[in-house]
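Hello,

I am passing a structure on to you, together with some notes on what turned up in it. Please open it first and keep it beside you as you read.

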Amino acid sequence: MGYVVEIDPFNPTSTPMKRTALGRCKHENAEVVLSADGRVVVYMGDDECGEFLYRFISAKKYTAGGDNRNLLEGGDLYAAKFHDHGKGEWLPLTPTSTGMVSKAEICILTRQAASAVGATTMDRPEWVAANPHKAEAYCALANNKNRGKKPNKGGDETPVGGPNPRAKNKYGQVVRWRPMGGDHGALKFAWDLFVMAGNPTVHSDAFAGSPNITAANMFNSPDSIHFDTRGILWIQTDGKTSNSGDFAGMGNNQMLAADTNTGEIRRFMVGPNECEITGLTWSPDQRTMFVGIQHPGDEGGSHFPEGGEAVPRSCIIAVWRDDGGVIG
């Protein structure tokens, strides 16, 4: 029903907790970091054309080794406002700012609350990933066929500009923001676009993508993003796989590795037909990578992973180097 649910993987008998204080929307993930004063900060995207990017900050502080089980039970929600000049701010969603009667109403009607404060309508905010080595975060904006064409479902306008610079955006982009003072709890931030996906073999305008997109690494619809321990950003896609027209040469959905310092992006792997690549984690020694392969053959064009005439199945695959080294 649109809520984040927290489980304890180390206690299989524990009761899953629905964290309603994090708001109600089409959550893609919940990226957890700490503010400078020790409060829990959770970044969240709402996967719908023209919806919003959110932040939650806990009321209580994290204590190392302490009982932190219920830090997500109470706190404050914010929605992101991006200005065209590379600056932005987190708008608090309170009864006063939204005109709603209570925090409970805000946690149920979260989209309406963000609309009320004038947050920025985004091109399908998907996963958020925070850099483990510096105070910055990234959000995958998958695409938005309605950008500059019609309002979102709540009636908010979707003008072209800021982090959503292309009308009828078919390729998507990844936006990056750096909180002021290096504090994820700060109200203001600076932002830029780390990459604009596109096809330089078909287009010579904005739909060719940003300068770090080439014929060798082009992709569309960034969805799931993750940082490894070294600070490499991994981008997974869930987009068009027709390999024709505007998507000629892109092939199937894929996973790419990005150096966020230089902007270089390299294709790492390509999935089976008609799948989405989503979900990523590593063994503790960083020598095995676990990748999610979702709905292969959803249009009848694959029998992955068994082959032959077998029914295609979603699964997790393991990836490792032949020499047993660290993946990178």
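**Charged pairs and other finds**

Lys-26, Asp-46, Glu-48, Glu-51, Arg-111 and Lys-153 are joined in a network of salt bridges. A salt bridge here is a side-chain nitrogen of Lys or Arg within 4 Å of a carboxyl oxygen of Asp or Glu. Side chains of opposite charge can pair when their charged atoms come close.

Before going on, a word about the model. It is a predicted one, in which local features need pLDDT of at least 70 and side-chain atom pairs count only at pLDDT 80 or more, while totals for chains, interfaces and linings use all residues. Residues are numbered from 1 along each chain as its sequence is written, and side-chain values use heavy atoms, with hydrogens and water left out.

Buried means under 20% relative accessible area, exposed means over 50%, and partly exposed is in between (1.4 Å probe, protein chains only). Helices (H or I, at least four residues) and strands (E, at least two) are DSSP runs, numbered from the N terminus.

**Salt bridges one by one**

How many salt bridges does the structure hold? There are 19 salt bridges.

Glu-48 is buried at 12% relative accessibility, whereas Lys-26 is partly exposed at 44%.

Glu-73 and Arg-19 also meet through their side chains, in a salt bridge of 2.7 Å, N to O. Because Glu-73 lies in the loop between β6 (53–61) and β7 (75–82) and Arg-19 in strand β2 (residues 17–19), the pair ties together parts that are 54 residues apart in sequence. Glu-73 counts as partly exposed, at 42% relative accessibility, while Arg-19 counts as buried, at 2%.

Another salt bridge brings together the side chains of Asp-76 and Lys-103 (2.8 Å, N to O). Asp-76 is in strand β7 and Lys-103 in helix α2 (residues 103–108), so to find both partners you look at distant parts of the chain, 27 residues apart. Both are partly exposed: Asp-76 has a relative accessible area of 32%, and Lys-103 has 43% relative accessibility.

Leaving aside neighbours within four places in sequence, Asp-223 is in contact (heavy atoms within 4.5 Å) with residues including Glu-28, Glu-126, Trp-127 and Ala-140.

Asp-156 is buried too, with a relative accessible area of 17%. Its place is in the loop between β11 (137–141) and β12 (173–179). Beyond its neighbours within four places in sequence, Asp-156 is in contact with Phe-52, Ser-115, Thr-121 and Pro-151.

**Backbone details**

Where is the cis peptide bond? This bond joins Phe-304 and Pro-305, with omega at about 5 degrees. Pro-305 is found in the loop between β19 (288–294) and β20 (315–320).

Lys-168 is not a glycine, although its phi is positive, at about 45 degrees. Lys-168 lies in the loop between β11 and β12. Asn-243, which is not a glycine either, has a positive phi of about 60 degrees. Its place is in the loop between β15 and β16, and Asn-243 is partly exposed, with a relative accessible area of 41%.

**A last place to look**

Pro-179 is in strand β12 and counts as buried at 8% relative accessibility. Not counting residues up to four places away in sequence, Pro-179 touches Ala-135, Glu-136, His-184, Lys-188 and Phe-189.

Enjoy exploring, and write back with any questions.

Best wishes
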